[in-house]
Amino acid sequence: MSEGTSMVMESSENGTDLSQDDTGTIVEMPEDTILSQQTSVNLVPFIGQRFVSQDAAYEFYCSFAKQCGFSIRRHRTRGKDGVGRGVTRRDFTCHRGGYPQMKLSEDGKTQRNRKSSRCGCLASMRIVKRADFDVPEWRVTGFSNVHNHELLKANEVRLLPAYCTITPDDKARICMFAKAGMSVRQMLRLMELEKGVKLGCLPFTEIDVRNLLQSFRNVNRDYDAIDLIAMCKKLKDENPHFQYDFKLDGHNRLEHIAWSYASSVQLYETFGDAVVFDTTHRMDSYDMLLGIWVGVDNYGMTSFFGCVLLRDENMQSFSWALKTFLGFMKGKAPQTLLTDQNMWLKEAIAIEMPETKHAFCIWHIISKFSDWFSFLLGSRYDDWKSDFYQLYTLELVEDFEEEWRDMVDKNGLHENKHIISLYALRTFWALPFLRPYFFAGLTSSCQSETINAFIQRILSAQSQQDRFVEQVAEIVEFNDRAGSKQKMQRKLQKVCLKTGSPIESHAATVLTPYAFGKLQEELLLAPQYASFLVDEGCFHVKHHSQMDGGCKVLWVPCEEHISCSCHHFEFSGILCRHVLRVLSSNNCFHIPEQYLPNRWRINSSSSTNLLRNATREHSEKIQLLESMASTLIAESIETEERLDVACDQTAMVLSRIKDLPRPTHSANDIVYNCPSDLILPEVEDTDGIVQSFTIGTSHESLTSGKMKDRRSREGIDIARKRRHFSGSCCGQFGHDSSDCPMLGGDNLNGDALGYL
């Protein structure tokens, strides 16, 4: 049994001292400790060591444990995914940590329990979540190497279940041997000879191989996932707008399969300008690479576009996936595509989507820094990482090139292969090279975490292999319904004006709360900048504390054209603080229409275009439907129970409507007579003054109201205000909604109909 302790703790995230549960003592390790200093020093955990994710920390500690002679497991956590800040602390312990718990049967009697290996071992590693430069990291705050049991030797530790892994290449060979009729023992002997290892020294055992073969049979009797095709065919029969395609190899074995739902195709038409293609996960149940296309809508919520499963990870497979996806989306390629740093995928995108700007996700690159540079740079690693982040966020290409050279010289990294590779691919990941292209905020850490959480839900669906495609459909539908519910709640919340600027008031009536929040952030920072007229239509804008630097803003008022050298609008679709400073300094009280993109507007969905094209003969029914929808919202937000019932029943009605036959004529033949004035949700400024906005021929139609008593209801700050619909309620004039004969008797009064 090993003796001695090496355990150190840091302060908690907020800088205060940790609780008794979070702290430990520092004790010197004796010379005869199991872990000697000769064991690959770069694999020994140390206080302050950083990881990009929990999984990265787990893999590192797992490698350390294997070298020492034990395995590990995940233990306690602080926080919960999706709640507040999520998980902020994680403990990893020895697999023999803790004690077995006695199980009770239904009648309360103690059951006979299987013998447990747990003996209260104290070996552990603790990591805590921090955020440096808005990049979340996990830092080691505690490490203990105390064991109250004998550690295993190198030829024994490999037999622990945690280390009995079979690589994808070995799985493929085992499958081939099984098809050839070889026994398990023959497979193992042949693989030992191929790898040149001693008898019984493979990283997996006979039992592991038999379990693997059984999992193959669970997927399909011939190690094929043909049942996926049957699932897709079933969904296609139920909904003709469901899209799928597949490819079989010469042995009638499923090689690739891709699919997309009808709602996904519609979403892509509006929000398919910036797309993430995630290929970092595999489906173990099918032993295939999983690729997921996602994006972000005008409310900042994740939009699902499609899925693909690929047998092999090569350029041909990725080319097939990209071609198929374009086929689903009627040949429309995204403006920008964000992926992992995969060279095969990079080549495929260059061929299949030559007009698309391809970029690498910076979070996947940063996740490798600890392995690449931590040991190499030692104590300089944190300073180097800070310098790298500043390089990454620079605005000008010239500044990037100059500071990159300084960084390489300062740290002596001229010959480092990773630095050479990063510089060669700088146009794929460095923001100075990406800012001229629209990415819809997908490069931010917030969107990255949201998309990753959505992908994790899809990965969890593989537990039901026989219903995987249907399970993904249910996840997508649930995500859409939850998103619709959040959008409705956000629409009903008052928008808080913080600057009193007419520009802010104008934007609040046009942009979604998500996009308006981004613009408002820039508006709040704009007063900190000074603007100088350099030439006709050319302004130099810089922060008041800067002596040099700044951005160049070009403004042609007669053409309503304005641009900035920081390329913030091109990158995010939101005007930057420099442009807003120039507009406000030159008495411009509104934002030109082309700089309020349809992509971020409240009414940016494809259905809006259909409504605008309805015929006059349908206008009465459509306006009645609008009034009923307004009343539905007003009544539903009273309680959470009403809201849930409204969402469920509306989903049922929509499902029934979609099942009805479509008209033979084109939807474009319908013309919709849209009312000229629609009342939007109230907007409240910082002084508590409630302002209601109407959309008409001019954006300046603002009316300020009195202070309203407000109360919080189910987490939504709602100011109920009695108002009447300013237009006709049923398409006929001479009366308003309070005495409309068409709506009489339906318990729909004028106040309810006027509320939106």
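The legends below describe several close-up views of one predicted protein model.

In this predicted model, local features need pLDDT of at least 70 and side-chain atom pairs count only at pLDDT 80 or more, whereas totals for chains, interfaces and linings use all residues. Residues are numbered from 1 along each chain as its sequence is written, and side-chain values use heavy atoms, with hydrogens and water left out.

**Figure 1. Overview of the protein chain, with its 26 helices and 23 strands.** Helices (H or I, at least four residues) and strands (E, at least two) are DSSP runs, numbered from the N terminus. Of the 756 residues in the protein chain, 46% are buried, where buried means under 20% relative accessible area, exposed over 50%, and partly exposed in between (1.4 Å probe, protein chains only). The chain exposes about 39800 Å², of which carbon and sulfur atoms supply 51%; accessible areas come from the Shrake-Rupley method with a 1.4 Å probe, and for residues, only the protein chains shown count as cover. Among contacts (heavy atoms within 4.5 Å) between residues at least 6 apart in sequence, 61% join residues at least 24 apart.

**Figure 2. Strand β9 (residues 288-296) and the strands that pair with it.** Nine of the nine residues of β9 are buried, which leaves the strand mostly covered. Two strands are said to pair if DSSP finds at least two bridges between them; β9 pairs in the antiparallel sense with strand β8 (residues 274-283) over six bridges, and in the antiparallel sense with strand β10 (residues 302-310) over eight bridges.

**Figure 3. Helix α17 (residues 445-460) and its buried residues.** Helix α17 has 16 residues and reaches 23 Å from its first C-alpha to its last, close to the 22 Å expected at 1.5 Å a residue, the expected span being 1.5 Å times one less than the number of residues. The buried residues of α17 are S445, Q447, I451, F454, I455, I458 and L459. An α-helix has 3.6 residues a turn, so residues three or four places apart point the same way.

**Figure 4. R426 in helix α15 (residues 426-429), with the residues around its side chain.** The side chains of R426 and E401 are joined by a polar contact of 3.0 Å. A polar contact is a pair of N or O atoms within 3.5 Å; within protein, one must be able to donate a hydrogen and the other to accept it, and residues adjacent in sequence count only if both atoms are side-chain atoms. The side chain of R426 also reaches the backbone oxygen of Y423, at 2.7 Å. Leaving aside residues up to four places away in sequence, R426 touches F400, E401 and F433.

Figure 5. Not counting residues up to four places away in sequence, H256 touches D245, F246, K247, L309, L310, R311, S317 and W320.

**Figure 6. K330 and E560, two loop residues with positive phi.** K330, found in the loop between α8 (315-328) and β11 (336-339), has a positive phi of about 60° although it is not a glycine, and this residue counts as exposed because its relative accessibility is 67%. E560 lies in the loop between β16 and β17 (561-564), and its phi, near 50°, is likewise a positive value in a residue other than glycine. With a relative accessible area of 29%, E560 is partly exposed.

**Figure 7. Residues 554-587, listed by UniProt for "domain: SWIM-type".** The listing comes from an unreviewed UniProt entry; UniProt positions are given in the numbering used here, feature names are shortened, and annotations may be inferred rather than shown by experiment. Over residues 554-587 the chain is 41% helix and 21% strand, and the end C-alpha atoms are 16 Å apart.
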